[in-house]
Structures are given as C-alpha cells and as structure tokens.
Amino acid sequence: MTELLRIQVRYLVDKDVRVLRSLVGLAGSKADVRVTISEADEGDVILVDVDEPDGAAAWPELNRGTVPIVALTRKRDFP
C-alpha cells in the first residue's frame, strides 16, 4: 500500500517549489510513498526557507509546534 506524505512549504519562492516538486517526482517513482507539496495549513512536515526574512521570523513559532519542521538554508551554522 502506498503511503502519503504531505509536505507543507512556507516562505519558499516559486522556483524552489518547482525544484522540490521535480525532485519529489523523481524520487517518488522509486519509492512506495506518494508525496504532496502544498502551501496550505496542513502537512506531515513543514519546510521553511529561513534565508527569507519572513521565514526566519516565523521559525521560532513554527518550531514550537507539534509538526516536524525542517529549515532550508544556505548557512552551515543555523541552530
């Protein structure tokens, strides 16, 4: 049975969302997981671009939630 993974994206620019969809599409053909990517307020995991000022500002609040969160950044020393 195929599992569903819902990825919620926050503060990603359109180009980054397109690249993410492409990568997930390629990986999805090799895995038994169906992935949806959405900006809606629900997901099994949240991806936040903390290099964007709004994403960095939202990070502390989002990080206190119950949904696993992943920071997308170019910085090696992000907490």
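This is a predicted model: local features need pLDDT of at least 70, side-chain atom pairs count only at pLDDT 80 or more; totals for chains, interfaces and linings use all residues.

Let's start with a pairing: the side chains of D44 and R6 meet in a salt bridge, 3.1 Å from N to O.

**Salt bridges**

- Side chains of opposite charge can pair when their charged atoms come close.
- A search of the whole structure turns up three salt bridges.
- R6 also forms a salt bridge with E42, where the closest N and O atoms are 3.2 Å apart.
- How exposed are the partners? R6 counts as partly exposed, at 27% relative accessibility, and D44 counts as partly exposed at 30%.
- R64 and E61 make a salt bridge as well, with their side chains meeting at 3.0 Å, N to O. Here R64 is exposed, because its relative accessibility is 62% and the cut-off for exposed is over 50%. E61 is exposed too, with a relative accessible area of 54%.
- Through shared partners, salt bridges join R6, E42 and D44 into one network.

**Overall layout**

- The protein chain has two helices and four strands, and reading along the sequence gives the pattern β-α-β-β-α-β.
- Along the principal axes, the C-alpha atoms fill a box of roughly 40 × 25 × 25 Å.
- Of the 79 residues in the protein chain, 25% are buried.

**The largest pocket**

- How much space lies in the largest pocket? It holds about 170 Å³.
- The lining is made by L12, V13, K15, D16, D49, D51, E52, L72, T73 and R74.
- Sorted by class, that lining has six charged residues, three nonpolar ones and one polar one.

- V19, L23 and L26 make a nonpolar surface patch of about 300 Å².
- L23 is found in helix α1, which covers residues 14-28.
- Is L23 buried or exposed? L23 is exposed, because its relative accessible area is 52% and the cut-off is over 50%.

Definitions and conventions
Residues are numbered from 1 along each chain as its sequence is written. Side-chain values use heavy atoms; hydrogens and water are left out. On a 1 Å grid over the protein atoms alone, a cavity is a set of points where a 1.4 Å probe fits but cannot get out, and a pocket is an open set with protein on both sides within 12 Å along at least five of seven lines; lining residues have an atom within 4 Å of a point. Grid points are joined across faces, edges and corners, and a volume is the space filled by probe spheres set on the points. Ala, Val, Leu, Ile, Met, Phe, Trp, Tyr, Cys and Pro count as nonpolar, Asp, Glu, Lys and Arg as charged, and the others, Gly among them, as polar. Patches are made of residues with over 30% relative accessible area and no salt bridge: like charges are joined within 9 Å, nonpolar side chains (Val, Leu, Ile, Met, Phe, Trp, Tyr) within 5 Å. Accessible areas come from the Shrake-Rupley method with a 1.4 Å probe; for residues, only the protein chains shown count as cover. A salt bridge is a side-chain nitrogen of Lys or Arg within 4 Å of a carboxyl oxygen of Asp or Glu. Buried means under 20% relative accessible area, exposed over 50%, partly exposed in between (1.4 Å probe, protein chains only).
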